[in-house]
Amino acid sequence: MAAKKNENEKGNSINVSGMQFGYEIQTPLFYDFNLNISPGSRCLLVGANGSGKTTLLKILAGKHMVGGRDVVQVLNRSAFHDTQLVCNGELAYLGGSWSKTVGSAGEIPLQGDFSAEHMIFGVEGIDPVRREKLIDLLEIDLQWRMHKVSDGQRRRVQICMGLLIPFKVLLLDEVTVDLDVVARMDLLEFFKEECEQRGATIVYATHIFDGLETWATHLAYIQEGELKRAEKLTETKELKSSANLLSVVESWLRAETKQEKKKPTNQNKKTSSSPFMSSRQMAYYR
């Protein structure tokens with residue numbers, strides 16, 4: 001993974017080159033943003049709330065059109081324009097909403113009065129061995145009624161459906177937050193196998209860092225839409241003198257907060273006369 005373009009970028013799973021993106025009511029959240037992620041990587045996407053992590057994942061998932069076809073590419077194809085990436089399951093995105101995109105059927109809600117079995121077995125063309133492995137891994141009871149289960153149980157079904165098709169690139173936005181410790185660790189081990197055995201690529205945005213020091217291969221740190229760090233985890237020098245990844249990221253975010261407080265008041269506030277607002281403020285509009 002690299003923070004800028006390089007000669008081997010065509011071999012990467014994800015290429016973002018000179019990306020500029022902003023919502024209509026703000027200045028660009030991302031400006032000349034570059035990120036390359038190689039196949040087989042397990043990349044942690046870290047940053048404060050409102051830093052742009054979710055927006056970046058949605059852009060990579062093809063949910064926002066950004067510039068030309070070459071600006072944001074997944075598997076050397078345009079993330080937005082090539083709809084077959086998602087339809088074929090090569091590119092998978094799991095976010096916080098209780099829905100799952102299933103091919104041409106679009107967004108399917110996961111809170112209706114139907115069983116887990118109805119949802120999981122309703123996806124056609126699935127390898128039954130992979131399906132059973134995921135059901136066992138996530139300890140799903142096929143008789144669960146989706147409108148009666150807990151958030152953690154519903155999340156297990158959502159994750160199962162999102163992983164039924166063997167992905168090449170998987171984008172995760174805090175989807176393990178509802179899982180208990182055992183389920184989360186088992187799922188992370190499954191993801192590790194997918195990357196090591198199939199060469200799949202994962203980008204995982206999270207604030208839960210337990211056990212990730214040995215799980216992740218790379219780290220990307222975003223601050224206010226700017227890529228501050230993009231490196232192999234083994235090259236993160238702070239980890240050599242720190243007990244864990246949590247303390248390292250905490251130190252970055254605390255330094256970021258102090259930096260924000262030192263800015264003039266009019267840079268930290270949205271006024272009625274100014275068309276600009278920070279990416280932190282934009283979190284309100286997501």
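These legends walk through a few close-up views of a predicted model. Local features need pLDDT of at least 70 and side-chain atom pairs count only at pLDDT 80 or more, while totals for chains, interfaces and linings use all residues. Residues are numbered from 1 along each chain as its sequence is written, and side-chain values use heavy atoms, with hydrogens and water left out.

**View 1. The largest nonpolar core.** This core has 49 residues; a nonpolar core is a set of buried Ala, Val, Leu, Ile, Met, Phe, Trp, Tyr and Cys residues joined through side-chain atoms within 4.5 Å. Buried means under 20% relative accessible area, exposed over 50%, and partly exposed in between (1.4 Å probe, protein chains only). Among the members touching the most others are Phe191 and Trp215. Helix α6 (residues 181-198) gives the largest share, 6 residues; helices are DSSP runs (H or I, at least four residues), as are strands (E, at least two), numbered from the N terminus.

**View 2. A salt bridge between Arg155 and Asp178.** Here the closest N and O atoms are 2.9 Å apart; a salt bridge is a side-chain nitrogen of Lys or Arg within 4 Å of a carboxyl oxygen of Asp or Glu. Arg155 lies in helix α5 and Asp178 in the loop between β9 (169-173) and α6, so the pair ties together parts 23 residues apart in sequence. Arg155 is buried at 4% relative accessibility, whereas Asp178 is partly exposed at 28%.

View 3. Glu250 and Arg254 meet through their side chains (2.9 Å, N to O). They sit 4 residues apart in α7 (residues 245-262), about one helical turn. Glu250 is partly exposed, at 36% relative accessible area, and Arg254 is exposed, at 54%.
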